[in-house]
Amino acid sequence: MNILVLGSGGREHTFAWKIAQSPLCKNLYVAPGNSGTAQIATNVNIGVTDFEAIKTLVLDKNIDMVVVGPEDPLVKGVHDFFLNDDKLKHVSVIGPQQKAAELEGSKEFAKEFMFRHNIPTAAYESFTKDSVEKGYAFLETLNPPYVLKADGLAAGKGVVILNDLDEAKAELKSMLIDAKFGEASTKVVIEEFLDGIELSCFVLTDGKNYKILPTAKDYKRIGEGDTGLNTGGMGAVSPVPFATDDFLNKIEERIVKPTINGFKKDDLPYVGFVFIGLIKVGNDPKVIEYNVRMGDPETEVVLPRLKNDFVEILQAMANQTLDKINVEIDERAATTIMLVSGGYPEAYEKGKEISGIENITESIPFHAGAIMENGKTVTSGGRVMAITSYGNTYQEAIKKSYQSIEKLHFDKMNYRKDIGFDL
């Protein structure tokens, strides 16, 4: 098969790394890709939402399957674009159709879905600029901290948690009236704060059947001890030590099964990855959010633990034969540490040369915000590289990643020194 991966981050490098290992893959393309994918695939400089350019590429290179990495093209309907085009509809697209992608595209849509299918989650109400006064009144009924979520896609920045009621009201006004997040915050969901420890559950589905991948936990904040600003993710651990068999069973029975059944009942066409952001409250799992793609940096610890031929699994998803697949998981733990540009998640510089990658032997460096320029690997984004390692325990794997990081360098390189600290 000729396969195209859409995206340019660490998640997409991991997809490409895993797909390239399969004898079923003939030619592999990544659009736009990065310096890591350039070593194992052909990068094509096309944006992930430039559907016409993607069409031209798919026809030109006789591509049989498109694996969608990020959420943006899914929410904008890339799968539907293929289905509605006679020249493209034979191509397998891994990623839900637009109607189902609303689970990530709209926080309100996701909340309504959970309530409709009795999936445990936080109580909530949603507001627009016309009901901002009602929003203030609703905030007054809650105990702090206050959770405000921009309804639409805000590049992972649209969730604000505040302890002070007046600050929460000011933030609501800023989101709704001052359009702090633009289109994304024309509607805001306010929900009760859930106190617990977070983890992520990843599910593959062909629309009828499902398979559960290993759990992972990522670390969102920039600073040690989970302090400072939110980021796209600073590291991840898999499996999650506190997710016992009993707890995993609760996740499957109370959340995964009703989610997949909900897709069928609501006629949400879904072939792809379901990322369920969970929180363990007491000994019970509750859903914080759905994402309609794999997480990043969680992919960098989940896929390396998958022993199966990844292309075989992707084919089964496309052909609705996922029930025939027996998912095999590496018993070892995997961890990843994210190297980021100095200043990230705020303003940062690009174009810094990265040295020492060739010295890494004990870990897998998954490139993210990095590109090739004049034969050199240079930084091109906030999150630059994810250093993934295996270990018999997560502590051993983390230690290996930190040892590998010592061999790497770029100007103002930053990373968290405490991944796994809370486990």
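Predicted model: local features only at pLDDT ≥ 70, side-chain atom pairs only at ≥ 80, totals over all residues.
In which sense do strand E1 and strand E4 pair, and over how many bridges?

1. Strand E1, residues 2-7, pairs with strand E4, residues 65-68, in the parallel sense, and four bridges join the two. Within this pairing, Leu 4 has Val 66 of E4 standing opposite.

2. The two strands belong to an open sheet of five strands, ordered E3-E2-E1-E4-E5 with parallel pairing. Its edges are formed by strand E3 (42-43) and strand E5 (92-94), each of which pairs on one side only. Helix H11, residues 310-318, packs on this sheet and touches E1, E4 and E5. The direction of the helix makes about 105° with that of E5.

3. As to charged side chains, the structure contains 27 salt bridges. Side chains of opposite charge can pair when their charged atoms come close. The next points treat individual cases.

4. Arg 11 and Glu 12 form a salt bridge whose closest N and O atoms are 2.7 Å apart. Buried means under 20% relative accessible area. Arg 11 has 7% relative accessibility and therefore counts as buried; Glu 12, at 2%, likewise counts as buried.

5. A salt bridge also joins the side chains of Lys 169 and Glu 140, with an N to O distance of 2.5 Å. This pair connects distant parts of the chain: Lys 169 belongs to helix H8 (residues 165-176) and Glu 140 to helix H7 (residues 132-141), the two residues being 29 residues apart.

6. In a further salt bridge, the side chains of Lys 352 and Asp 411 meet at 3.1 Å, N to O. Lys 352 is located in the loop between strand E18 (333-340) and strand E19 (364-367), whereas Asp 411 is in the segment after helix H12 (394-405); the pair therefore ties together parts that are 59 residues apart in sequence. What is the accessibility class of Lys 352? Its relative accessibility is 17%, so Lys 352 counts as buried. Asp 411, by contrast, has a relative accessible area of 37% and is partly exposed.

7. Salt bridges also occur as a network, which links Asp 246, Lys 250, Arg 254 and Asp 284.

8. In summary, the opening question is answered by the parallel pairing of E1 and E4 over four bridges.

Key:
Residues numbered from 1 in each chain as written. Heavy atoms only, no water. Salt bridge = Lys/Arg side-chain N within 4 Å of Asp/Glu carboxyl O. Buried < 20%, exposed > 50% of the residue type's maximum accessible area, 1.4 Å probe, protein only. Pairing = 2+ DSSP bridges. Contact = heavy atoms within 4.5 Å. Axes fitted to C-alpha atoms, helices over the stretch in contact; angles between N-to-C directions.
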